[in-house]
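Please keep the sequence and the 3D view open as you read the points below.

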Amino acid sequence: MERVPATVTWGLLAAWMVHDAEELATMAGWARAARPRLEKRFPGVPWERLEVSQRHVNVAIGLMGGVMAGASALGARTGGRSATFQTVLLGFGAHGVVHLAQAAATRGYTPGVMTSPLVVIPFSVWAWRRLKASGVPVAGGAKSWAGLAAFPLLLGGVHAVAHAVAARRPGEGPAVGARVRGRFSRDRWF
């Protein structure tokens, strides 16, 4: 049994950073530009709710970065044996496949599709092989899939927090911002 290299555990964070740099650079602009085309192609989808600001993207990616850093740290501390690390690694690889499916469904570029086949999926496959080659027991079965099923909840939570943070103007707290907007016109303050 060989030692799991840091390129597997901390490599998850590094691969995520490369991937999310693409999303950071493209997501907000793509959402605005693609909306008319997507509204015609998929008329039943509430696209106005899915459009995000750059501030929302920044906050969501920052929050997800915390999750990825935590999972990578757990992986490093446990030699890749952490169930959390393995679940996040599985989710990261599946996330890459979802990007490819989104691009196919929309018949064009979607944020993250360039780095999915170049970084996300190859890294995930390589990392699983390294874990197995190192003799690390790889979680499987219902427990792994249950953890993976929680990813939409995690993503939903990240985007809900990002939406709440992005909706506030810089420097205002949630209670103060709501109170100020309720009593005064925006023009008096800015």
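**Notes on the model**

1. Let us start with one residue in its surroundings. Ser72 touches Thr9, Trp10, Leu12, Leu13 and Phe85, not counting residues up to four places away in sequence; a contact here means heavy atoms within 4.5 Å. Ser72 is found in helix H3 and counts as buried, at 0% relative accessibility.

2. The model is predicted, so local features need pLDDT of at least 70 and side-chain atom pairs count only at pLDDT 80 or more, while totals for chains, interfaces and linings use all residues. Residues are numbered from 1 along each chain as its sequence is written, and side-chain values use heavy atoms, with hydrogens and water left out.

3. Now the whole chain. Its secondary structure comes to 9 helices and 0 strands; helices (H or I, at least four residues) and strands (E, at least two) are DSSP runs, numbered from the N terminus. Of the 190 residues in the chain, 35% are buried. Among contacts with a separation of 6 or more, 78% join residues 24 or more positions apart.

4. Next, Ser82, which sits in the loop between H3 and H4. The C-alpha atoms of Ser72 and Ser82 are separated by 9.5 Å, and the two residues are 10 apart along the chain. Ser82 is buried, with a relative accessible area of 9%. Its side chain reaches the backbone nitrogen of Phe85 at 3.1 Å. This is a polar contact in the sense of a pair of N or O atoms within 3.5 Å; within protein, one must be able to donate a hydrogen and the other to accept it, and residues adjacent in sequence count only if both atoms are side-chain atoms. Leaving aside neighbours within four places in sequence, Ser82 is in contact with Leu74 and Gly75.

5. Beyond its neighbours within four places in sequence, His19 is in contact with Phe92, His95, His99, Gly112, Thr115, Ser116 and Val120. Ala14 also lies in helix H1, but at 40% relative accessibility Ala14 counts as partly exposed. The C-alpha atoms of Ala14 and Met68 are separated by 9.4 Å, with the two residues 54 apart along the chain.

6. The loop between H4 and H5 holds Arg107 and Met114. Most residues other than glycine have a negative phi. Phi of Arg107, however, is positive, near 60°, and Arg107 counts as exposed at 66% relative accessibility. Met114 is in contact with Glu22 and Tyr109, leaving aside neighbours within four places in sequence. Between the C-alpha atoms of Met114 and His99, 15 residues apart along the chain, there are 8.9 Å.

7. How many aromatic pairs does the structure hold? The structure holds 1. It is formed by Phe123 and Trp126 and is tilted, at 5.8 Å centre to centre and 45° between the planes. Rings of Phe, Tyr and Trp (its six-membered ring) pair if their centres lie within 6.5 Å; planes under 30 degrees apart count as stacked, over 60 as edge-to-face and the rest as tilted. Because Phe123 and Trp126 are 3 residues apart in helix H5 (residues 115–133), they are separated by about one helical turn. Phe123 is buried at 12%, whereas Trp126 is partly exposed at 35%.

8. Last, the largest pocket, with a volume of about 1,300 Å³. Of its 44 lining residues, the closest to its centre are Met27, His95, Gln102, Leu155 and His159. H4 gives the most to this lining, with 10 residues. The lining divides into 27 nonpolar, 11 polar and 6 charged residues. Ala, Val, Leu, Ile, Met, Phe, Trp, Tyr, Cys and Pro count as nonpolar, Asp, Glu, Lys and Arg as charged, and the others, Gly among them, as polar. On a 1 Å grid over the protein atoms alone, a pocket is an open set of points where a 1.4 Å probe fits, with protein on both sides within 12 Å along at least five of seven lines; lining residues have an atom within 4 Å of a point. Grid points are joined across faces, edges and corners, and the volume is the space filled by probe spheres set on the points.

How values were computed: Buried means under 20% relative accessible area, exposed over 50%, partly exposed in between (1.4 Å probe, protein chains only).
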